[in-house]
Amino acid sequence: MNLKELNEKLASKKQEMADLVAKVQLEARAFTEEEDKLFNNLEADIKSINSTMEKINACRKLTEENAGENTNTESKTSEERDLEEKELEKRELEDFGKYIRNEVLEERAGEVQFKKGTNGAIVPSTIANKIIFTAYNVSPILQKVTQYNCKGKISIPVYGKDDSGNDITVSYAEDFTSLTEKAGKFSSVDLEDYLIGALAKLGNSLINNTDIDLANIVINIMADYIRMFLEKEILVGTTGKITGCKGITKIYEVATAAITYDDLVKTKNKVIQAYRKGSCWVMNQDTATAVELIKDSDGKPMFLPDPTGEFDGKVLGYPVYVSDAMPGIAAGNRPIIFGNFSGIALKRTKDLEIQILRELYATQHATGIVAWLQADADVENVQKLSALDIKAATAGNN
C-alpha cells in the first residue's frame, strides 16, 4: 500500500471517527459499549496508519541519505499531513472535473488514478466519501440513523419478549425456593446488499464551461439524488428490498383522514419517555399544514414555529421534519412517523462507483453520470419509533 492509499484510508478512518463523535454529541448521551469499542478500534487504526506512514518516510530518508542524495524528507507532522491531504483532495477534485470533461489526466508519481470497476470507474475514496457525507449532512433522517459500514449480509441481534409474552423476570426470592424460569427470545435484523443506482444528466454546454467548479456541482447533484432515494427507502421502504420504517411495530391507527390533537398525543406516547430524547416528527408538507391548523382543547395551536429555521416547527415539544418522501393523509396511508431514528439500522458498503455515460446521451448534447452503491435499512430498535396509520377504505365506504 503506497502513501496515496494510506492517506485515503487515514482520511476515511478520521471521518468515521468524527461522524461517530458527532452522533453521540447530537444525541447528548454517552458512548454505548459497541460505540466505545468502535472508537477504540478507529483510534488504533489511525495510530497504526500514522506509524506506518512515518516509517515509510523514515525509510525514504535513510535510503536517500545512503545513496548520497541531499534530501529534506522527514517524518511529517500532523499539520503537514493535513495540509498534504487537502492538497491531494484538491488535485483529485480537479482530476474528477477533467475526467467528466474527458480531458487527459496528468500522471503523478505515487498517486492512484481512476481505476476501472465492475460498474464503471472507481473514483478515489476522498471523492466517493464526499458524495456520501454530503448526502448525510443535508438530511436529518440520514444523520440520525445507526450506520454500519461493511460489505456482505450482517445480522444484528435483538432481544425481546417471546411469542407468549414471556420476558426475563426480576423478583424477590427466598432461601431454598427456585426462581420461576421465564425468558424472552433473541431474534435478528438481517441487512443485505441491495444495489442502488443514481443517474444524473448534465448538459455538455455546462460541462464545457471551464469557469465552473464542475466536480463539486456533480458531487452535490449526486448527493441530492442519493439523499432523496435513501430517505424515501428509510421512511417508506420497498417490498422485497429495503424495509426501512415498514418494520415499525408501535402503530396508532385512526379510522378517518381527520387527524386530531388526541391522535398525535397517542402516537407520541407509543414511544416511551426513555427513548424520546432526540426524537422528531416526519411528514410531508400537506400533512404539516394540516397539523399546523390543529388546536388543543383551549383553542391554542399545538404547532410552534422554530425560530432557528432548522425545522418547520415543533409539535408537543418535538421538531417537525418535512419530507416529500412521506405519503399524504389518505385511507391506507402512513402519513406520520415519530421517534428517534437511531432506531433504524442503515448498512452501506464503503465503495462508491461512478460511471460516465458519454455516448448514451450524445444526441441530447448531454453526459450521464451514474453512481452505484449498495445499502439496506431496517428497524433495529422497535421501541424508538411509532407511526400513525389511516385505515384502508372498505368496499362499503366506496
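Trainee: At the start of α9, what does a side-chain oxygen of N284 reach?

Mentor: The backbone nitrogen of D286, to within 3.2 Å. Keep in mind that this is a predicted model.

Trainee: Which residues of α9 are buried?

Mentor: T287, A288 and V291, in a helix that runs over residues 285-292.

Trainee: Why do they line one face of the helix?

Mentor: Looking down the axis of α9, the buried residues fall within an arc of 100°, so they share one face. An α-helix has 3.6 residues a turn, so positions three or four apart point the same way.

Trainee: And what covers them?

Mentor: The cover includes helix α8 (261-268) and the strands β8 (280-283), β9 (303-305), β10 (313-315), β11 and β12.

Trainee: Switching to R334. Where does it lie?

Mentor: In the loop between β11 (318-322) and β12 (336-339).

Trainee: Buried or exposed?

Mentor: R334 counts as buried, because its relative accessibility is 19% and the cut-off is under 20%.

Trainee: Which side chain does R334 join in a polar contact?

Mentor: That of D389, at 2.6 Å. A polar atom of the R334 side chain also lies 2.9 Å from the backbone oxygen of C245. Beyond four places in sequence, R334 touches several residues, including K246, I248, M326 and P327.

Trainee: Now the largest nonpolar core. How many residues?

Mentor: It has 43. M222, I226, I234, V282, I337, F341 and I344 touch the most other members.

Trainee: Which helix gives the most to this core?

Mentor: Helix α7 (residues 214-235), with 9 residues.

Trainee: What lies apart from that core?

Mentor: Another core, of 20 residues, with V271, M302, F303 and V322 among them.

Note on methods
Residues are numbered from 1 along each chain as its sequence is written. This is a predicted model: local features need pLDDT of at least 70, side-chain atom pairs count only at pLDDT 80 or more; totals for chains, interfaces and linings use all residues. Side-chain values use heavy atoms; hydrogens and water are left out. Helices (H or I, at least four residues) and strands (E, at least two) are DSSP runs, numbered from the N terminus. Buried means under 20% relative accessible area, exposed over 50%, partly exposed in between (1.4 Å probe, protein chains only). A polar contact is a pair of N or O atoms within 3.5 Å; within protein, one must be able to donate a hydrogen and the other to accept it, and residues adjacent in sequence count only if both atoms are side-chain atoms. Contact means heavy atoms within 4.5 Å. A nonpolar core is a set of buried Ala, Val, Leu, Ile, Met, Phe, Trp, Tyr and Cys residues joined through side-chain atoms within 4.5 Å. The arc is that of the directions from the helix axis to the C-beta atoms.
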